[in-house]
Amino acid sequence: MKQVYLDYAATTPQSPEATKAMRPYFEKHYGNASSLHQFGQRAREAVEASRQNIAKFLNCSMAEVFFTGSATEADNLAILGVIKSSKLHIITTAIEHPAVLEPIKRLEKLGEIEVTYLPVSRDGLVKVEDIEKAIRPNTVLVSIMYANNEIGVVQPIAEIAKIIRNFRNSKIQEIITKQISNSNNQYPIFHTDAVQAVNYLDCDVQKLGVDLLTLSGHKIYGPKGVGALYVKKGAALEPIMFGGHQEQGLRPSTENVAAIAGLGAAIATISNRKSQIANIKKLRDKLLDGILKNIPKTSLNGSADNRLPNNVNISFSGVEGESILMALDQKGVCVSTGSACASGSLQPSHVLMALGLSHQQAHGSIRFSLGKYTTKEEIDYVLKVLPDIIKRLRAISPIK
Ligand code: PLP
């Protein structure tokens, strides 16, 4: 049977470059990167070479790149590491990934913080003016994702950073900053989860104007179980785990050298991607147009313009997304309902609900996410099998 993988937002296949970069650190150079002998030094070299690749990609210094065990961990560090005392305020959005929302909810539940969850428009976009209105003197953190994992909508991160900078320069902020940190650290700190953006968007942190940025290995054709957090020099962040002195003491744990080497190799291959992105976008548009034209009662979720080039999220009226997923799987096509993390849950996607969709529309949605190995033949195949699947499921569906 034909196999068509259209779930690149859930994870990507590991590239040969990443695998090649990792192999020596399993078999030959297995030292602990903190050891002073030759084995340790070989491992250290690999960690620092990877850090250099990431720093180059983000346009920051190597000392500002911290390796973690995943993007989830990097997001948790970005949030929990900023909160040093209670009665503080965080701004985030209703459509963040659970790796951001859950640590925030945890702090909220413990009564440590107040949170503003910014709404989004029907298109999935945050209004920049809403951030201006929501900032308070005790706002210590603003966390807004660069690109959404379910609907691919891209937020205006540089514009938001400008607003935060203006606020930091105001008198009122100087006072609160002194109260919170007794130092010259500036608040609010601005964090973005760029996990889904890294493959497709400019992640130059100077241009974006962010203080913290999260990325993940396995979304960029690198290994699973490794991530990184950019921490701008001077941004006040404290560890959330305690142990050794690795990663300047911010993230103690013996470095996963092979995974870090794989991440570094994966990020190094991203730079030359213009034609690849154009091809993915062409195939994505073909898929989107084909579905909207040939299958009645379908609609695109999220902005058509401010969107990652590889994402299509469609609501199919009168059908359950899970049933579509299973039927497509039987034809060899792998897609997702909402996010991989939300699948298995009976709750409708919090992202689609935040767009204002009904429960039924949210439950009837499918995310197709393309990648660098997607072909025209694969898209043609999906467009051939999908209309019949929807027709058949609608005929037997109790939802009318
Ligand atoms: N943030 C976003 C936007 C994601 O899409 C994901 C993965 O689904 C994560 C964070 C978590 O990444 P990881 O699997 O590396 O923990």
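The centres of domain 1 and domain 2, taken over C-alpha atoms, sit 29 Å apart. This is a predicted model, so to speak of local features we need pLDDT of at least 70, and side-chain atom pairs count only at pLDDT 80 or more, while totals for chains, interfaces and linings use all residues. Numbering runs from 1 along each chain as its sequence is written, and side-chain values use heavy atoms, with hydrogens and water left out.

**View 1. Where the two domains meet.** Domain 1 covers 16–268 and domain 2 covers 273–396, with bounds from an automatic or database domain assignment. Domain 1 puts 29 residues into the contact and domain 2 puts in 30 (heavy atoms within 4.5 Å). About 2300 Å² is buried between the two domains, with carbon and sulfur atoms giving 57% of that; buried area here is the accessible area (1.4 Å probe) lost by two parts on being put together, summed over both.

**View 2. Who surrounds the ligand.** Count 13 residues around the ligand, with Thr72, Asp193, Gln196, His218 and Lys219 the closest (a heavy atom within 4 Å). Helix H3, residues 71–80, gives the most to this shell, with three residues (helices are DSSP runs of H or I, at least four residues, numbered from the N terminus).

View 3. A ligand nitrogen is 2.6 Å from a side-chain N or O atom of Asp193. Ligand oxygen atoms come 2.5 Å from a side-chain N or O atom of Thr72 and 3.0 Å from a polar backbone atom of Ala71.

Definitions and conventions. A polar contact is a pair of N or O atoms within 3.5 Å; within protein, one must be able to donate a hydrogen and the other to accept it, and residues adjacent in sequence count only if both atoms are side-chain atoms. Helices (H or I, at least four residues) and strands (E, at least two) are DSSP runs, numbered from the N terminus.
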